[in-house]
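The following explanation is intended to be read with the sequence and the three-dimensional view side by side.

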Amino acid sequence: MSRRAGTSKNADRVLSLHGLVVFAFLYVPIGLLVFFSFSDSASLNVWGGWSLRWYRRMFDNGPLLTSIRNSVVVALVSTVVSTVLGTAAAIALERYRRWLGKRTFDALLYLPVIIPDVTMGVMLLMWFTTIGWRLSLTTIILSHIAFNISFVAIVVRARLAGLDPALEEAAMDLYADRWRAFRRVTLPLIAPGIAGGALLALTLSLDDVVITSLVQGPGSTTLPVFVFGLIKRQVTPEINAVSTVMLVASIVLVFGSLAFQRRKSDSVQ
Amino acid sequence: MTRLTESHPEGLERGHERAEARRGFLHALPAYLYLVVFFALPLVIVFVFSFASRSRTGKPVLADWNLESYQRLFEPVVAQIILRSLWLAVLNTVLCLLIGYPFAYWLATRRSAARRAVLLVLVLIPFWSNFLVRTYAWRVLLGEHGFVTEVGRALGLWDKLLFTQPAVFLGLLYGYLPFMVLPLYAALERMDWSLVEAARDLYASGLTAFRRVTLPLSKPGIIAGSILVFVPSLGAYVTPDILGGAKTTLIGNYVVRQFGAARNWPFGAALSFVILVAMLVATIVYFRTEARTL
């Protein structure tokens, strides 16, 4: 059909070959990493037969389990708070035409998205130190909320922009009060956007190394920061096992977000 | 609402507008306050600290304001780190584009929608996967007895690459390639392909049709992808820390070092500001180009 209009058969063959090479480039490294997490050998390059010993060892590693618990707490709290604040912000920007400081807020909301992690981490570290806030799990959570609000707001806003405001107005014409119109009409329609934003926030929080390592206090390490420390000390197949668990978590999140996106396109049509 | 305004014109209309404005403001207020306290004020603090001095023990002292931290940026060692970071970020952006564009084009031109969907998922998985884990994978491949090292030795082309600049570069390329591919794919997928067909009907060659139609139409994707690769490459910390060595320090590591071993907060603040300015310049260029294409 028209999709290949610009491409000759030979060019398409070259493109296909290139595509396969890129996929190999993307997948072979993580494939090998997962493969060797099941090896009985202590070497990361020599296969020693199938074994789950590195996974067992992982579950016996106390500090590692603590860091997993910390990560889950940080991710859940920061996701819930940033989803609520980000959604309200998206509604304010998309549904209310003019209010005090709207343009400034719009700009302020986009900055955390484009600022590099290192700069954001340094800013927050200096801030917490200046106001005399002791670094702990709390400062990690506060920092994660700071970068997650913007991502949630952007995702929800995109969803709101595609909605007809007449739907909510119609509900109010039928004597629904503002809250009921929102809860019964708008909220169900933007729910996939909110869920998508929340999943993004969860992923970003679970992945962050740089900001967390700058604002963490003693004993408040998260999983990626803990693993980062392990990698810098010595590489062992145990890190492969932890990595595999983290990859599986990411893949679950990908399919979760895809499921929400599918619902999104269904309800728009 | 409409009924009310019809019976009571003007006055009620204005009152209604004011109430709406108040409601909008109140919706934004929690996020607004949060971002002021945990983003805007910290940004100001970094700027203030970059002019501060430090005590003998390395503690920042908010007195004796000076430009010393900014002068240090021009010392050969520091300037070299900044230039190396800029160079690697530009190189990575260009290579991601050169590899990512034909790849995204290939994905977007598959005929069956189901096949495109499956291929897209295969791109999304590395995109969403933990960055640290993906970088760690290369630590093993590039290390002693690693797969890439062995292949290089067998071919007589390269030796152990770990802790060298090429290793950092490979890590950045691997890490950020999906960030380039996704916006490119989105732009090409959205594109009206009948325009290309029309160009062909008017006797444009395949290459001309690509150059005059496809490429300009996919420009927003090229710009978005370039920003998404350039900004984090410039501030990279994890990749050079895991795959690089002493001679491959990038500005991201150098900044963090000022808050650890080096204990020089004012200098660290000045360096962060350099990254910030580079990022702002890149985004302003982005928005201006974007405005011109629309």
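A residue is called buried if its relative accessible area is under 20%, exposed if that area is over 50%, and partly exposed in between. The structure to which these words are applied here is a predicted model.

Leu247(A) has a relative accessible area of 6%, and because the limit is under 20%, Leu247(A) counts as buried. This leucine belongs to helix H11 of chain A, which comprises residues 237–268. Along the sequence, Leu247(A) and Val34(A) are 213 residues apart, yet the distance in space from C-alpha to C-alpha is 8.9 Å.

Asn70(A) is situated in helix H3, residues 62–95 of chain A. With a relative accessible area of 3%, Asn70(A) is buried. A separation of 149 residues along the chain lies between Asn70(A) and Gly219(A), while their C-alpha atoms are 9.7 Å from one another.

One aromatic cluster is formed by Phe35(A), Phe36(A), Phe38(A), Trp47(A), Trp50(A) and Tyr55(A). Over all chains, a search of the whole structure finds 35 aromatic pairs.

How is a pair of aromatic rings described? For Trp138(B) and Tyr174(B), the centres are 5.5 Å apart and the planes make an angle of 65 degrees, an arrangement that is edge-to-face. Trp138(B) is part of helix H6 (residues 131–142) of chain B, and Tyr174(B) is part of helix H8 (residues 165–190) of chain B, so the pair ties together parts separated by 36 residues in sequence. Both Trp138(B) and Tyr174(B) are buried. Elsewhere in chain B, Arg72(B) lies over the face of Phe267(B), at 4.0 Å from the ring centre.

Helix H8(B), which holds Tyr174(B), also takes part in a contact between helices. The axes of H8(B) and of helix H4 (residues 76–108) of chain B come within 6 Å and cross at roughly 45 degrees. This angle makes H4(B) oblique to H8(B). The crossing in which H4(B) passes H8(B) is right-handed. Sorted by class, the residues of this contact between H4(B) and H8(B) are 23 nonpolar, 4 polar and 2 charged.

Trp265(B) is located in helix H14, residues 265–293 of chain B, and is buried, with a relative accessible area of 7%. Between Trp265(B) and Ser69(B) there are 196 residues of separation along the chain, whereas their C-alpha atoms are 9.4 Å apart. Phe47(B) lies in helix H2, residues 11–49 of chain B. The relative accessible area of Phe47(B) is 40%, and this residue is partly exposed. Phe47(B) and Ile81(B), 34 residues apart in sequence, are 21 Å apart in space from C-alpha to C-alpha.

The loops of chain B remain to be visited. Which value of phi does Phe163(B) have? Phi of Phe163(B) is near 70 degrees, a positive value in a residue other than glycine. Phe163(B) stands in the loop between helix H7 (147–155) and H8 of chain B, and is partly exposed, with a relative accessible area of 38%. Tyr203(B) likewise has a positive phi in a residue other than glycine, with a value near 65 degrees. The loop between helix H9 (194–201) and helix H10 (206–217) of chain B contains Tyr203(B). Is Tyr203(B) buried or exposed? With a relative accessible area of 78%, Tyr203(B) is exposed.

Key: Residues numbered from 1 in each chain as written. Chains lettered and ligands numbered in written order. Predicted model: local features only at pLDDT ≥ 70, side-chain atom pairs only at ≥ 80, totals over all residues. Heavy atoms only, no water. Phe/Tyr/Trp six-rings, centres within 6.5 Å; stacked < 30°, edge-to-face > 60°. Helix = DSSP H or I, 4+ residues; strand = E, 2+ residues; numbered from the N terminus. Buried < 20%, exposed > 50% of the residue type's maximum accessible area, 1.4 Å probe, protein only. Lys NZ or Arg CZ within 6 Å of the ring centre and 35° of its normal. Axes fitted to C-alpha atoms, helices over the stretch in contact; angles between N-to-C directions. Parallel < 35°, antiparallel > 145°, perpendicular 65-115°, else oblique. Left-handed = near helix turned anticlockwise from the far one by under 90°. Nonpolar A, V, L, I, M, F, W, Y, C, P; charged D, E, K, R; others polar.
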